[in-house]
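Dear colleague,

Please find the structure below for your review. A short account of the findings follows it.

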Amino acid sequence: MTTLTINARLVSVAPGVTVAAAIAIAGSGVTRRSVGGELRAPLCGMGVCQECRVTINGRMHQLACQTLCRDGMQVVTGDSGAGA
Amino acid sequence: MKRYDILVIGAGPAGLAAAQAAIAQGKQVGIVDDNPLAGGQIWRGGPEQQSDLRARQLWEALQGKAEYLPQTRVLYAPAPGCVTVQTPATAPVIPAQAGIHAELNGAHSMDSRFRGNDAEVSANTLHYDHLILATGARERLLPFPGWTLPGVTGAGGLQALAKGGYPLQGKRVVVAGSGPLLLAVATTLRAKGAQVAAIVEQAGTPALARFAASLLATPSRLRQSLQLAAQLSGVPYLRNSYVRAAHGEHALRAVQIQRGGTSAAQTLECDYLACGYGLLPNVELAQALGCEIAARGAQNVVAVDEWQRTSMDRIYCAGEGTGVGGVDLALVEGRIAGLAASGRQAEARRLFRQRAHWQTFAQWLEKTFALRPELRALAKDDTIVCRCEDVCHGELRAYTTWRSAKLQTRCGMGPCQGRICGGATELLYGWRPDAARLPVAPARIASIID
């Protein structure tokens with residue numbers, strides 16, 4: 001299993017699972033807030049729509065659907081109250 | 001700086017077929033793809049994992065021969081004959097000698113070798129003698145009330161997410177939109193434990209019946225369709241029907257479906273709505289490189305000649321970028337491009353008949369699943385059309401061109417660069433997107449300035 005944190009909560013997932021999937025496994029699946037404040041979750045699943053942008057290891061605007069989970073990864077979503 | 005005889009952009013069926021054809025001629029080949037694993041969308045999760053034998057054979061043929069750069073996005077062309085790409089520092093470059101197979105057999109092997117700081121990103125310039133674009137397609141997603149709710153995804157979108165481990169066990173899913181992809185999506189979702197409440201197809205019964213009859217002339221597709229039908233037994237297939245709206249407060253709860261021939265709408269409760277209206281070729285990179293783009297039916301496609309050559313010298317295009325046609329057409333186009341770029345025109349010519357066969361099939365598909373006019377009238381004034389900038393239909397419908405709407409409302413100015421709303425605004429308002437925006441993908445400033 002691969003263990004990472006999503007909004008500071010530990011989550012363990014099987015190898016090969018994307019960050020987008022880990023966010024859905026851990027909770028609501030919400031990845032960001034839109035410019036108008038709406039909650040958003042992945043839409044296209046293939047790196048086009050940019051709805052799944054999250055902060056990974058301190059770097060903003062990473063695509064959760066195109067990133068595989070790794071041990072020790074720190075993911076912060078846009079509905080955490082901590083930015084992204 | 002790196003140099004290749006042939007550089008292939010996209011590791012889906014067309015790209016892999018092109019690479020394999022070129023390697024067989026002794027060419028030095030590089031393959032770039034923005035996904036973590038090769039295979040494109042149809043073989044998502046890695047070609048070696050697919051039941052399609054062609055995927056495994058192509059992948060096997062590339063072992064130890066092509067250089068593969070995953071998680072790599074082309075940004076722009078600094079000069080003719082080269083492209084600048086951006087790669088996370090943790091993404092592996094798999095040199096030809098190492099063998100792709102050994103390195104990419106699972107996420108584990110990547111993890112152990114390439115543990116590092118994801119925050120670092122590197123840019124690199126790749127030089128080529130010939131460039132083959134195999135950038136595939138994306139889904140056409142159309143706005144309707146509630147389509148921005150979490151839980152509403154593309155049809156192929158939810159399939160792709162499911163292949164990446166998205167949790168669907170026991171979830172109620174409505175699959176909707178148009179095209180044969182809906183059946184494949186429903187099959188995947190069911191295999192992942194989802195309860196598919198219904199498949200909602202906007203095409204009418206007569207068109208579907210004519211298409212079913214045409215499958216008799218294409219035995220491999222007929223077999224595939226019958227297999228899918230068997231796997232989907234018990235799932236209602238609602239023809240001549242479409243999703244009017246999605247409901248829920250912070251997440252999807254139910255969808256409202258319009259059944260053709262009746263005035264009443266039906267409500268289905270569900271956790272996910274996977275809704276996509278066919279595919280659109282990804283032409284932006286070709287456009288940015290100066291290649292001519294042509295309007296064909298409801299698609300904008302990269303214009304190519306019989307050798308899959310674009311209007312730009314030494315640049316080829318194969319697969320969905322030249323017009324949506326599915327995996328069989330992509331494979332033969334990729335092969336033709338790979339051979340032609342390697343100077344093997346005689347061998348390429350032998351594949352023309354096969355290509356023509358699948359092109360005919362593709363035309364049938366497009367005709368059968370042509371979108372009904374009611375879909376243009378789903379968005380209300382307060383329905384968001386541009387999801388990046390939250391621009392609503394009411395703000396947009398007064399404009400006559402894409403450019404004026406962009407300038408006044410920021411529609412299409414967000415990070416997706418109009419790739420999602422562009423397909424919708426073309427259908428809703430008849431706008432044609434203008435020049436591709438550079439860099440082709442969101443980039444770090446350091447990737448451009450360095």
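This is a predicted model: local features need pLDDT of at least 70, side-chain atom pairs count only at pLDDT 80 or more; totals for chains, interfaces and linings use all residues.

**Strand pairing in chain B**

In chain B, strand 12 (residues 241–247) and strand 13 (residues 254–259) run antiparallel and are joined by six bridges. Strands (E, at least two residues) and helices (H or I, at least four) are DSSP runs, numbered from the N terminus; two strands pair if DSSP finds at least two bridges between them. A246(B) stands opposite V255(B) in strand 13 of chain B.

Residues are numbered from 1 along each chain as its sequence is written, while chains are lettered from A and ligands numbered from 1 in the order in which they are written.

**Contact between the chains**

In the model, 41 residues of chain A are in contact with 38 residues of chain B (C-beta atoms, placed from the backbone, within 7 Å). On the chain B side, helix 4 (107–113), strand 7 (137–139) and helix 5 (155–163) each supply at least two residues. Helix 5 of chain B gives the most, with four residues. By class, this side of chain B has 16 nonpolar, 13 polar and nine charged residues; Ala, Val, Leu, Ile, Met, Phe, Trp, Tyr, Cys and Pro count as nonpolar, Asp, Glu, Lys and Arg as charged, and the others, Gly among them, as polar.

Yours sincerely

Conventions: Two residues are in contact if their C-beta atoms, placed from the backbone, lie within 7 Å.
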